[in-house]
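Please consider the structure shown here. The explanation below takes up a part of its surface and then one of its helices.

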Amino acid sequence: MPTEYSGLVVTQPAETAFDTPSGGLLLLDREWRITSMTSGFAHYCAHLDEAALGRNVWEAWPDLVGTDIAAHWQRAMTERHGIGFVARDSVSGRRYAMRVEPTVDGGLTVHCQRLTQQAQQEVLHLDLTRVLQLMARGAPLRDVLDTLVGTIEHQSVSGLIGSVLLLDDSGRHLLLGAAPSLPADYNAAIDGLEIGPTVGSCGTAAYLNRPIYVSDIANDPLWANFRDLALLHGLGACWSTPIVASGGDVLGTFAMYYPEAREPPAEDLELVEMVTRTAAIAIERHRTERALRDSEQHFRLLFEQAVDGIFVADSHGRYVDVNAAGCSMLGYSQQELRELTIVDVIAADEIARLDGEIARLDGGAVASSSWRFRRKDGSTFIGELVARQLPGGRMQAIVRDVTERAAVEAALRASEERFRDLADNIPQLAWIADPGSDGQVSWFNRNWFDFTGTTHEQACGSGWRQVLHPDHAPRVIEKFSQHVRECIDWEDTFLLRRHDGEYRWFLSRMRVIRDDSGAVVRIFGTNTDITQQREMENELRRLADELSQTDRRKNEFLAMLAHELRNPLAPIRNAAQMLRHVDGRRDAVVSASAMIERQIGQLVRLVDDLLDVSRIDRGRIELRRQAINLASVVEQAVESARDLFAAKEQRFSVEMPEQRLSLDADPARIAQVIGNLLHNASKFTPVGGAVRLAVDQHGSEAWVRIIDDGIGLHGDHLDCIFDLFVQVDTSLERSSSGLGIGLTLVRQLVEMHGGAVEVHSDGPGKGCEFVVRLPLQAAAQQATEPASDEPPKAADARCILIVDDNRDSAESLAMLLEFEGHQTHMAFDGPSGLQAAIELQPDLLLLDIGLPGINGFELAQQIRAQPGWGSRAILLALTGWGQDEDRQASRDAGFDGHLVKPVDFTALSSLIASMLDQPPERQHSTGMPQR
């Protein structure tokens, strides 16, 4: 019986539900703690959130305790082997395939995948196919009905428990047919139940021959005599439908039980007609086969005891002797029959045949045929006759009345037709092969003809081979023919041609159906279209390969990031140690300070590149285009890179055209592109090597080429060198390979300007040439470059308050500002910062954002709310948060500027001077400075 709880319901084991693995994933350690959980599992399967991570699963998901799912998990944990089953969401009714596998560290991996409507229909059709196969091979009725009930319980969305009761031969009692999920004590109590107008749901439905719906057993008068029995076994509702034979007689009932009082869902009711119809076919087939067996046994007994009619006639056809069975058969006494001839006891329309049959006997043949005989009372019957001529011209005939058997065979044929009609309604292509043949097929269902577009005449025999794909045909024909000849089960996967010429993949299976003696009854086969499944599997493999590649690049990136961060941190730390031992040596202080500034610049460059890539990916970078002279931008980029070439003693040259090349571009971003490429060229060119920068015009484009004689590139790397996190050499010998983001940023920025970038290399050790192609600005749009602003003059001494919870950062910045002549004060949390601001009323405040007590945004708002000085004070945010949304939040809080740590002190000093020199009415209206 299904176990329901808030979230999922286990409906049945389902090892086959994992043919298309995907969906949610949950990882548990050996202590049952949740170590990882995908959003799909959390949302669709368990209704959990991120707070569950790290918690014991039984505490985070208490409704799971005591359920069948918990039992499956605990069994997998204890026995250390995988378990699969199907679960249902009690809220939405959706089904999920769940697979639990032990991990090497003692925990569990739980895969959960939603079953689509198509997958649920496939499960239903597979179950129905299994029912048909059981019926076809003459399985016991109990097995067939058990499987049928299991099918509807599997398909139910609300915990349905099925039961089939069979009406006995007297038509007065219901006997247990199949109820695999009901308690054994309950089944025993109702077995043999006498039907009547008020006998629960099933007894009443069988008596009245109509459905009986009881939604609340505890309060329905029909269950007055059985209420305690039902409630004792946890049954709250029961809906029963009669199972009716083709002639209208009641064969039994099908009941749907539910643990609680309720109305059945529409999905369950839709299954009832299918179940009752299929059950009726199975029961009628069983009764027909039983009747046929009884009839055959009866005939054998008659034959053994000479109960067949035995007639002896003379040469004129007059009876001279008849046994008692023959007399009884025709309704005459022996004396009466001796007065009659053969003509007197056969039907009038059969007399014309008589002379021909007697002539056959005259030739010495033994005649066997069927005749319609006429009894004394005028009624007729069909008799099978075996006749031979006796010595002296007499004739002997043994007659058996086969009227009953003929009726049984007709019923069997009708049952067979219903079986084939049912086979016509499954989604697979189905067929019947001839046992012992060379792969000959004698019957196909309607879906085969609809799919292939062939006719019965075209497909039967070996004609079906014409729809096989030529590449598969020889193998399939040889293997299939062998298995049919030897009557062995067969399975294969190959392509079949559809009527429109398209080939689709099919999983083909053949089962040899035998009777109880082992004799082959039939060879039944199906073809299931698995094209979509194979496409999904191929797509999953492709995605897995992509994920593996991405994971590898991520690991390489993280390792190189750690390396790139440690490189500048080592000299910074050394410089800090130097400053402790300078003993007044100014040259050592200057050298250490320069070293620190260079390494910090490298760190800032690293972080800025990462942020730029992120901003571009999210579409958060806007180009500040203007008319620029490419030569000026190149000069700026070259100047920033000269120290790199000097440090490695590399020869660096620049070739510029005589004519002016004007671009409509963001000068800072173009300089960043050229700077990144120069930095890259220097990094991968050995000490003493050469780097050349050449600018020229090609048609309507400006080309910037950076050529080096460095390590070069392998041909396989030319297509992926601009991809994110790609590093062509991650060996320890090439420890300066970088993060794999610089060239990605170059390509993104160039493409944002409408240009393109490419790389050429003749191979490892032969250097590289990077070419940046940018569209030139039309002549009519060219304009002179704006004159550069004069550097702002130093500010007069002012009162400045620094609020930062990092004491080292606050104290060092205060010392630098004091060197500029300002009066500085410090606070190290939000509340003390607000108190100091109210007491000091400073001219300018430098506020961190992530402050304890009151964050920087709230502090700025409270300062702006102070009467008088609060609206005049200049507020600058000095923080490590530098995304666009962080800057907008600063504006909304009332800041005049937003600076990102680490800030260049020269730039900060100039900014402070420019802002403090403005008149009070302009200090908050000139736009927000960004760094």
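The paragraphs that follow discuss a surface patch and a helix in turn. The model is predicted.

On the surface, Val-366, Val-386 and Ile-398 make up a nonpolar patch, and their accessible area together is about 230 Å². Val-366 is located in the loop that lies between α13 (354-362) and β16 (367-374). Because its relative accessible area is 53%, Val-366 is classed as exposed, the cut-off for that class being over 50%. Ile-398, by contrast, belongs to strand β18, which covers residues 395-401. With a relative accessibility of 32%, Ile-398 counts as partly exposed.

Val-366 and Val-386 are separated by 20 residues in sequence, while their C-alpha atoms are 7.0 Å apart in space. When neighbours within four places in sequence are left aside, the residues in contact with Val-366 are Arg-360, Val-386, Ala-387 and Arg-388.

In general, an α-helix has 3.6 residues a turn, so residues three or four places apart point the same way. After α27 comes Gly-894, which has a positive phi, near 105 degrees.

Methods. Residues are numbered from 1 along each chain as its sequence is written. This is a predicted model: local features need pLDDT of at least 70, side-chain atom pairs count only at pLDDT 80 or more; totals for chains, interfaces and linings use all residues. Side-chain values use heavy atoms; hydrogens and water are left out. Patches are made of residues with over 30% relative accessible area and no salt bridge: like charges are joined within 9 Å, nonpolar side chains (Val, Leu, Ile, Met, Phe, Trp, Tyr) within 5 Å. Accessible areas come from the Shrake-Rupley method with a 1.4 Å probe; for residues, only the protein chains shown count as cover. A salt bridge is a side-chain nitrogen of Lys or Arg within 4 Å of a carboxyl oxygen of Asp or Glu. Helices (H or I, at least four residues) and strands (E, at least two) are DSSP runs, numbered from the N terminus. Buried means under 20% relative accessible area, exposed over 50%, partly exposed in between (1.4 Å probe, protein chains only). Contact means heavy atoms within 4.5 Å.
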